[in-house]
Amino acid sequence: MTRAFGLVLLAPLAGFALEAALGAGQFQLQLRAWGTTLIVAGGAAALALLMGVPVGLTLAHSRRASLRTLTLFPLLLPPVLAAAAWLGARLPVPHALGCAAILGAITWPVVALLLEASLRRLPGDALDAASLQLSSSRALRVVVWPHVRPALGAAALLVFLLAASEFTVPALFIVPTISMTIYEEMSAFRTASAASAALPLLALAGALAWALRRTPMIPPSKPSRPFLSGVPLATLRAIAGLVWLATAIAPALIFALRAGSFGKVLSMNLDAIGWSVLLAGAAALGLVAWASTSPRRSRLEPFWLATLALPGVVAGLGALQIARRTELLPWLAPSGALLLLALMARFAFAAWLPLREPVDRRQLEAAELSGLSPVRTWWRIVAPAALPRAAAAAAIVFVLALGEIGPVVLLSPPGRLTASQHLFNLMHYGYDDVVASLALFLFGATALVTWSGMNVGRLRTNRLA
Amino acid sequence: MRAVVFGFTLLLAVSCQSRSEDVVVYTSVDDIYAKQIFDAFTKETGIRVLPVFDTEEAKTLGLVHRILAERGHPQGDVFWSGDCARSALLKKEGALEAYRIPSADGIGPRWRDAEHSWTGFGARARVIVYNTKKIKEPPGSVEDLADPKWKGRIAVANPLFGTTAAHVAALAQTRGEDAALKLFAALRANDVRFVGGNSHVRDLVARGDCDAGLTDTDDVWIGKERGDPIEMTYPDQGAGGTLVIPNSAALLKGAPHGANAKKFLDWLLRPETEVLLSKGPSHQMPLRGPGEMDRIRAMNVDWGKLSDSEALLDKVKRSLGL
């Protein structure tokens, strides 16, 4: 069942691949675009590491849920809003490095969260042994660094992929990255050419998924073992504070100051907000329900990651084409089910990663040997371990789906507009107060959902304990 | 958990079903403009409009791809586009149904498809926007923007997308491809700032970062109404003419709510609706009756050919290094 639904989630990717194989257009290597993409996405990854590492280390030494919620805020900031703020602040018109700065400042939470997750698996006994013999800096080099290196590599690659597939910021500053090329080719209905431009992205996504398969990313829900103290920890906290201030607190304050009549804006856009929450909620719950039923890894992971790494509109187009070719379009499109499927396909990996292998394989083998049925094994062993992560995964998918625009344009059922889509259009026309109010709402929804997710998970775990 | 997921999905499905008294309108016109038109139509006829909007992020990708993919199983009834080129493209692809809209009889033949596949109405125009605090005599033609006296002081949106791409194609059609390519190469040589979109052109000019730029009338009106020190002038009134870009409306082939779609088209193309659009925030110009259009010398373009400009835009991209 889990595997079958996992295959269904590949439909958008399969639709795009099929269209590319059948479509018109020449395959050609986009060397210039890839050169620019390396600067933009590479620069974004470097900046995300610079900003995300101090925050990740600070989170690993703190148990405050509010800091984790704050860390998610920048991910929700529409990149083009940050780019518009750049223009509004009259900074010099950026080229590739400016785009890298904007994208890095939005995607650093990926690094921080993956680093923190990795630090929670830090082997305490190895750290204790090292601290008896070695100086603290050498213990960091010998024990902590080798432990977190794979997570940092994976995080950097994930940021690289997200930045490479982002379209709005390069489009605003006319920086010809590979995502711009994909859009140009699709605008000209040269699907095969668009696919050829996207192939390296898919290859990188495959490499990342392979790296993540070897890396235990998500620990049991226990606090990390503290390994820093004194001046180094205080310095890291100060840097993390600055990062939060610049990329989460300041935007929230600016939105709050610029927001017009918040209540009026919300009531006028209640339809869009309600639809967005419903859609994002269904995607989050559906994915978490699916991912939490499987205690094992899957060979399909690289493909789910590939769907995440491609520009959102590509996933939407793939879903549309596969539904058309299978004659399912009239059944799926008007209900919004096709849009829901595309959103779930796009963020499947984000739900799967935190929930895969929630318990040690030996526990499952022991349960099997003791004659426990798969259902009872899941209920007694997997579910209690997975619940806190399920809450976190649901929160992450909810946030990502709430801000998604690409598939929405292609697959929205008639009469429906999401809050993000509305926000984007308003922003284009300079309705700053309404944009600020809607952005503030998105921030508030993120805060509420992530806080609830973390605390509900924690309460349930405590009860089970 | 599964019960919650099932409930959510059911709610989703139930909340999205269209009824026989609806009309589904696919529109690339921004929701803030279109919604007031839809509300007025519903108030007058009782027919509910279910719109599907495009966004600026998807550029020309969204709705056209969707309509083409839905051929054979159409979900929409009407296509209301912010220009005529996309409607012309859909006609070529066989996605439109010919329908002579009775209320549109007063609209001239240059603004409609000869076979009644689409009909134009309420137009925008490509204009030169300028900062009134910085210049008194704005450039009078697009060629003037390449004059060295404006070096580094002019902004133009990315010529590969949107109405700027349509402008490039229209210039190539009316003056020849070489002339259009040379013009944009001259603009590049004159350090014209190519930016992400027409609203950014307006904002750069309004802030005084540029003296003038090429943009659309609706962008200028939005800036003027919020108090920006900007004005606009219609370029090329001496020769060639200004590019006027009407909205266009068309009946989609196999429309599921065909009768309502025709009612909507009849209503949308009435002179009163054009007047309503002209009073909206984008001040779109009615194509009928006395008004702004009488004072403009409009460029004469073939929208069918304009929709087939990918090869030209590839050349522009290579020539400008974009």
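Angles under 35 degrees count as roughly parallel, over 145 as roughly antiparallel, 65 to 115 as roughly perpendicular, and the rest as oblique.

A word on the source before we look. This is a predicted model, where local features need pLDDT of at least 70 and side-chain atom pairs count only at pLDDT 80 or more, while totals for chains, interfaces and linings use all residues. Residues are numbered from 1 along each chain as its sequence is written, and chains are lettered from A, with ligands numbered from 1, in the order in which they are written.

Let's begin with chain B as a whole. It has 12 helices and 10 strands; these are DSSP runs, H or I of at least four residues for helices and E of at least two for strands, numbered from the N terminus. Along the principal axes, the C-alpha atoms of chain B fill a box of roughly 65 × 55 × 40 Å.

How is chain B divided? Domain 1 covers 2-122 + 246-290, and domain 2 covers 124-243 + 309-320, with bounds from an automatic or database domain assignment. Taken over C-alpha atoms, the centres of these two domains of chain B are 29 Å apart. Eight residues of domain 1 of chain B touch 11 residues of domain 2 of chain B, where contact means C-beta atoms, placed from the backbone, within 7 Å. On the domain 1 side of chain B, that contact has two nonpolar, three polar and three charged residues. Here Ala, Val, Leu, Ile, Met, Phe, Trp, Tyr, Cys and Pro count as nonpolar, Asp, Glu, Lys and Arg as charged, and the others, Gly among them, as polar.

Now for the helix pairs. Axes are lines fitted to C-alpha atoms, for helices over the stretch in contact, and angles run from 0 to 180 degrees between N-to-C directions.

In chain A, helix α7 (residues 124-133) packs on helix α8 (residues 136-165) at about 140°, with axes 9 Å apart. So α7(A) and α8(A) are oblique to each other. The α7(A) side of the contact is A126(A), L127(A), A130(A) and S131(A), and α8(A) brings S136(A), A139(A), V142(A) and V143(A). By class, that makes six nonpolar, two polar and no charged residues.

Next, a pair across the chains. Helix α16 (residues 312-325) of chain A and helix α3 (residues 62-69) of chain B have axes that come within 10 Å and cross at roughly 10°. Therefore α16(A) and α3(B) are roughly parallel. Which residues make this contact? From α16(A) come L317(A), L320(A), Q321(A) and R324(A), and from α3(B) come H65(B), R66(B) and A69(B). They divide into three nonpolar, two polar and two charged.

Finally, back in chain B, the axes of helix α7 (residues 198-207) and helix α8 (residues 217-225) come within 9 Å and cross at roughly 40°. That makes α7(B) oblique to α8(B). Thanks, everyone!

Note on methods: Contact = placed C-beta atoms within 7 Å.
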